[in-house]
Amino acid sequence: MGSTGTVLRELRGAQKSAKGVSLYSRYVNRPAGRVLAAGAYRAGLSPNQVTLISALFTYGAVASVALVEPSWTLAVLVYAALAVGFAFDSADGQLARLTGRGGPDGEWLDHVVDCGKLLLVHTAVLISFYRFGELPSQAWLLLPLGFQLAAVVTFCAGLLREHLGKAAASAQGPSWAATPAAPVSRVRAVALLPADYGVFCLVFLLLGAPGAFRAGYAVLAVVHTLFLAAFLAKWFRELKSLRAG
């Protein structure tokens, strides 16, 4: 087992492409996950164990949002747990690539945890609104449901786009697969920031001010809905072009 510095260098060489990744994930979450993956490697943890640690932090934070009255202390603790959980979510894949211990079971577990996270975080906000929020209108209770719909559809549609694209690449042979990938765009990386889960987590720092939290959460809900519409149109065009090819 090499030194931590050696492991970190190996992890840097085993990173996923930065294409389609926001600046937060590229420069904050992935580097943090790299450090956690190195620590997990030194501790002898498996990628699936790291995934479960991610779930522990994330689901603990989500339960706190639903069960504890909002305060500034809660805001800091929830954000910290969500951010750490997200970093461990990056670490499991990095550890799998480093050790070669990844597999369908690990990918399945990771996606199950992610899907549960997207469902529960907005459910927790809905419960918090109902239990603790002095809402201007009961219509605010519909907001987390709409945000949840946008988040889950984006997640599922993105996974389908990825897997159907790979299937089409295999069916169309090496000539299609050899098409050079588009270069990484910094403009796109900046534009994707509002849709990044790590940026979404920042809104929980406003839990101590319920009105500000509602406003920030509503803005993000609108932004994510707009991104969903853009992503769906883009992915549909891409998959249609693969069929035509």
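Reader: How do the residues lining the largest cavity divide into nonpolar, polar and charged?
Author: The lining holds 6 nonpolar, 2 polar and 1 charged. Nonpolar covers Ala, Val, Leu, Ile, Met, Phe, Trp, Tyr, Cys and Pro; charged is Asp, Glu, Lys and Arg; polar is the others, Gly among them. The model is predicted, so local features need pLDDT of at least 70 and side-chain atom pairs 80 or more, while totals for chains, interfaces and linings use all residues. Numbering starts from 1 along each chain as its sequence is written, and side-chain values use heavy atoms, without hydrogens or water.

Reader: Which residues line the largest cavity?
Author: P70, S128, F129, F132, G133, L207, P210, F213 and R214. Helices α5 (104–132) and α10 (210–244) each give two or more residues to that lining. A helix here is a DSSP run of H or I, at least four residues, numbered from the N terminus.

Reader: What volume does the largest cavity have?
Author: About 80 Å³. The count is 1 cavity of 30 Å³ or more. On a 1 Å grid, a cavity is a set of points where a 1.4 Å probe fits but cannot get out; lining residues have an atom within 4 Å of a point. The volume is the space filled by probe spheres on those points.

Reader: New topic. How many salt bridges does the structure hold?
Author: The structure holds 5. Each is a Lys or Arg side-chain nitrogen within 4 Å of an Asp or Glu carboxyl oxygen.

Reader: Which side chain does R161 meet in a salt bridge?
Author: That of E238, at 2.7 Å, N to O. The pair links distant parts of the chain, with R161 in α6 and E238 in α10, 77 residues apart. E238 also meets K234, at 2.5 Å. K234 and E238 both sit in α10, 4 residues apart, about one turn.

Reader: How many disulfides does the structure hold?
Author: The count is 0. A disulfide needs two cysteine sulfur atoms within 2.5 Å.

Notes: On a 1 Å grid over the protein atoms alone, a cavity is a set of points where a 1.4 Å probe fits but cannot get out, and a pocket is an open set with protein on both sides within 12 Å along at least five of seven lines; lining residues have an atom within 4 Å of a point.
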